[in-house]
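The following exercises concern the contacts between protein chains. Please study the sequence and the model before reading each solution.

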Number of protein chains: 4
Amino acid sequence: MTTGQTPIRGYTATKDQLQTRLRRIEGQVRGIDRMVEDDRYCIDILTQISAVQAALDKVALGLLDGHVRHCVAEGAEEGKGDAMSTELMAAVGRLMRRG
Amino acid sequence: MTTGQTPIRGYTATKDQLQTRLRRIEGQVRGIDRMVEDDRYCIDILTQISAVQAALDKVALGLLDGHVRHCVAEGAEEGKGDAMSTELMAAVGRLMRRG
Amino acid sequence: MTTGQTPIRGYTATKDQLQTRLRRIEGQVRGIDRMVEDDRYCIDILTQISAVQAALDKVALGLLDGHVRHCVAEGAEEGKGDAMSTELMAAVGRLMRRG
Amino acid sequence: MTTGQTPIRGYTATKDQLQTRLRRIEGQVRGIDRMVEDDRYCIDILTQISAVQAALDKVALGLLDGHVRHCVAEGAEEGKGDAMSTELMAAVGRLMRRG
């Protein structure tokens, strides 16, 4: 992306696994679209939506975990702990209320 | 899908709109994958995940609404009200706990 | 409550059980207050808050279930199905986003 | 609580405010019990349950915030960052799935 240095993120070490998960979720959403196309039963479609949401929650928790381990810990050492915690809580709040 | 009659679902009247929404959500998930590819900041990725969760919640509520209006009401007339309510509550419970 | 007739609700048949649950939840919240009073560990307090949320979700699902079984089915027969579904979905949406 | 030193928690500085909130929530739950006692409309009771859940989410986010600011930052310095992050993510996961 950048011509210079690639930034190190909390998910850098598990980037491949994360992208595999996201592509699987993309495929699950495509599958839901196909269920609608095929006039499948409402409740079965809702079950698949819940499965996608559970998968997205897992991805989100993994990202949060990496972020806390790498970024927040580092930020604390650099005196940016308060700002990072405020930002982190806003993200957790959005995940809890979903958007 | 079926050789004979296409089943009428709670979402039949708004099927196009529903599929448009699902394709947009599919695109949003693809966008999240690209953010990971580009090593974007964890918190920005989490914000996009929350946006997808909110969009999926809207789709789910729309499906539930159609299901209650068309299927549950009809089911009640046919004496299947209790079974349909049990099934509906299981779906709502999965959506509340997400999976 | 009313001098005349007591209204029949979706929860009327299980009112005692519902009130027992609500009093237990009230006690759980009081227990959380005591944990704070005693300077207990943050994570242990959060675990108890999650337990209360799960208990409230169960109460909410029970109320929804009774409402769909008794009120919505009846409403559908009286031609109030659409209005009741709109109201129901607003309630489910609030539960999914929690407030 | 302890005969010796009172432990410092992430919420110690805002303990009074936290306890005030918890007592208000306790009162809200008691109010829901009264609504049931008075045979109030299902949907109105559900609205109050959502309000309690939103209030509990706010308390939980406040506790998480204090925990990250005080405990996790400190833990990182003492080399306990990984264990604390694992514990924190388990708590966030329980809050997201509610129990």
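**Exercise 1. Determine how many salt bridges are counted between chain C and chain B, and describe the surface that carries them.**

Step 1. Two salt bridges are counted between chain C and chain B, a salt bridge being a side-chain nitrogen of Lys or Arg within 4 Å of a carboxyl oxygen of Asp or Glu. In one salt bridge, C:Asp82 pairs with B:Arg69, and the closest N and O atoms lie 3.2 Å apart.

Step 2. The model is predicted: local features need pLDDT of at least 70, side-chain atom pairs count only at pLDDT 80 or more, and totals for chains, interfaces and linings use all residues. Residues are numbered from 1 along each chain as its sequence is written, chains are lettered from A and ligands numbered from 1 in the order in which they are written, and side-chain values use heavy atoms, with hydrogens and water left out.

Step 3. On the side of chain C that touches chain B, the elements giving two or more residues are helix H2 (42-77) and helix H3 (81-97) of chain C; helices are DSSP runs of H or I with at least four residues, strands are runs of E with at least two, and both are numbered from the N terminus.

Step 4. The contact (heavy atoms within 4.5 Å) takes 18 residues from chain C and 18 residues from chain B. The area buried between these chains is about 1,700 Å², with 71% given by carbon and sulfur atoms; buried area is the accessible area (1.4 Å probe) that two parts lose on being put together, summed over both. C:Arg69, C:Met89 and C:Met96 supply 35% of what chain C buries against chain B, more than any other three residues.

**Exercise 2. State which rotation superposes chain C on chain B, and which C-alpha of chain C is nearest the axis.**

Step 1. A rotation of 180° with 0.0 Å of shift along its axis places chain C on chain B with an RMSD of 0.0 Å; the superposition is by least squares on the C-alpha atoms of residues with pLDDT of at least 70 in both copies.

Step 2. The C-alpha of C:Met96 is nearest the axis in chain C, at 2.5 Å.

Step 3. Of the contact residues of chain C, 100% recur in chain B, and the same surface serves both copies.
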